[in-house]
Amino acid sequence: MASLPSPYVPLSPDPGERSVIHEAQFPWVPIQIVTHASQLPAEFLEPCAERPLVIGFDCEGADLCRNGTLCIMQLAFPDAIYLVDAIQGGKMLIQACKPALESSHVTKVIHDCKRDSEALYFQFGIKLNNVVDTQIAYSLIEEQEGRKRLPDDYISFVDLLADPRYCGVPYLEKEEVRFLLRQDPNFWTYRPLSEQMVRAAADDVRFLPYIYNRMMGKLNQQSLWYLAVRGALYCRCFCITNNDFSDWRPLPTIPDDLLVDGSAPEEEILSVLDVPPGKMGRVIGKRGASILSIKESCDAEILMGGDKGPPDKVFIIGPVKQVRKAEAMLRGRMLDMY
């Protein structure tokens, strides 16, 4: 089993400044580069209700989406970080992980799962399930504490790590890797993995289980339900099918203890709206003014494929009434001649 002798933890940029990182909170663990399924823990490969797991999870790739290449899948356990090498191990290795990635007994803690889920689904036929998306959890906690999120104001992973309420760890190397990716989009395809690649991949998951524990202690019962259902909808978001996701696991149902006094939360859904050729400009508007106006008018998330596609669809996630409102406004923009 390949490993690096000194796992890396990002430190404060000022060596004289006292770091918020404590070994008791973030024990240094070995980083294992996995090229064969036998190198992974048995409890991960064969998930069961008697041995539930919570792991940090992420994927790296070249243009990570349906048409790109998934190169590495990172798994953070309490005693090790596993870098599952999809380039060296191939499809057989990733397929060996499918039971765990689709299992309800393995909680995958990830920051913004949409493109990771899309890549897993279209490249390997894996329907990512039971995620705790820290981007969603952060927004829910902010809402609980009375702070309303503005449209498109999503917390970045770097900012989440830096937030002392959840981790308090600076992650300066992330920007270095982003720069390298802009210079060479095939950065994650090269082998052998460089020390920088290993550090960066490991650091993207190292702190997620700790953040998970901090967040779970802040979320109330209703927010926990929203977290589960929105995570499931995020996983489906770009995984467009012709069967209305009938082969995916059902969405989480509203818990009985929230069905009281007629104040149960409204069902949340994902809607995929087709945009006719030549009409996306009307939907977006000059400098994004049109789509921003719709986002400000609806209590729903409105997402677009952007450069990674799909370019002719708009994705809407939220309560049924707000999703229908957004659909109507978007269709109106498509018909607007001026």
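Partly exposed describes a residue whose relative accessible area lies between the buried range, under 20%, and the exposed range, over 50%. The legends below refer to a predicted model.

**View 1. Asp-63, a residue other than glycine with positive phi.** Asp-63 sits in the loop that links β3 (53-62) with β4 (69-76). The phi angle of Asp-63 is near 55 degrees. With a relative accessible area of 42%, Asp-63 counts as partly exposed, because the value falls between 20% and 50%.

**View 2. Arg-287, a non-glycine residue with positive phi.** The loop between α11 (280-284) and α12 (289-297) holds Arg-287. Phi is about 55 degrees at Arg-287. The relative accessible area of Arg-287 is 84%, so the residue is exposed.

**View 3. Cys-65, a cysteine in no disulfide.** The search of the whole structure returns 0 disulfides. For Cys-65, the nearest cysteine sulfur belongs to Cys-239 and is 11 Å away. Cys-65 has a relative accessible area of 1% and is therefore buried.

**View 4. Cys-97 and the closest cysteine sulfur, in Cys-59.** Cys-97 is buried, with a relative accessible area of 0%.

**View 5. The cis peptide bond between Arg-191 and Pro-192.** Omega for this bond is about 0 degrees. Pro-192 belongs to the loop running between α7 (173-183) and α8 (195-206).

**View 6. The cis peptide bond from Gly-309 to Pro-310.** Here omega is near -5 degrees. The loop between β9 (301-304) and β10 (313-319) contains Pro-310.

**View 7. Packing of helix α5 (residues 134-144) with helix α9 (residues 208-216).** The two helix axes come within 11 Å of each other and cross at roughly 25 degrees. That angle makes α5 roughly parallel to α9, because angles under 35 degrees are classed in this way. The crossing of α5 past α9 is left-handed. On the α5 side the contact consists of Thr-134, Ala-137, Tyr-138 and Ile-141, which meet Leu-208, Ile-211 and Met-215 of α9. By residue class, this contact of α5 with α9 has 6 nonpolar, 1 polar and no charged residues.

**View 8. Packing of α5 with helix α10 (residues 221-236).** The axes of α5 and α10 are 10 Å apart, and the angle between the helices is about 145 degrees. The α5 and α10 crossing is right-handed. From α5, the residues in contact are Gln-135, Ile-136, Ala-137, Leu-140 and Gln-144. These meet Ser-223, Tyr-226, Leu-227, Arg-230, Gly-231 and Tyr-234 in α10. The residues of the α5 contact with α10 comprise 6 nonpolar, 4 polar and 1 charged. Ala-137 of α5 takes part in this contact with α10 and also in the contact with α9.

Conventions: Residues are numbered from 1 along each chain as its sequence is written. This is a predicted model: local features need pLDDT of at least 70, side-chain atom pairs count only at pLDDT 80 or more; totals for chains, interfaces and linings use all residues. Side-chain values use heavy atoms; hydrogens and water are left out. A disulfide is a pair of cysteine sulfur atoms within 2.5 Å. Buried means under 20% relative accessible area, exposed over 50%, partly exposed in between (1.4 Å probe, protein chains only). Helices (H or I, at least four residues) and strands (E, at least two) are DSSP runs, numbered from the N terminus. Axes are lines fitted to C-alpha atoms, for helices over the stretch in contact, and angles run from 0 to 180 degrees between N-to-C directions. Angles under 35 degrees count as roughly parallel, over 145 as roughly antiparallel, 65 to 115 as roughly perpendicular and the rest as oblique. A crossing is left-handed if the near helix is turned anticlockwise from the far one by less than a right angle, and right-handed if clockwise. Contact means heavy atoms within 4.5 Å. Ala, Val, Leu, Ile, Met, Phe, Trp, Tyr, Cys and Pro count as nonpolar, Asp, Glu, Lys and Arg as charged, and the others, Gly among them, as polar.
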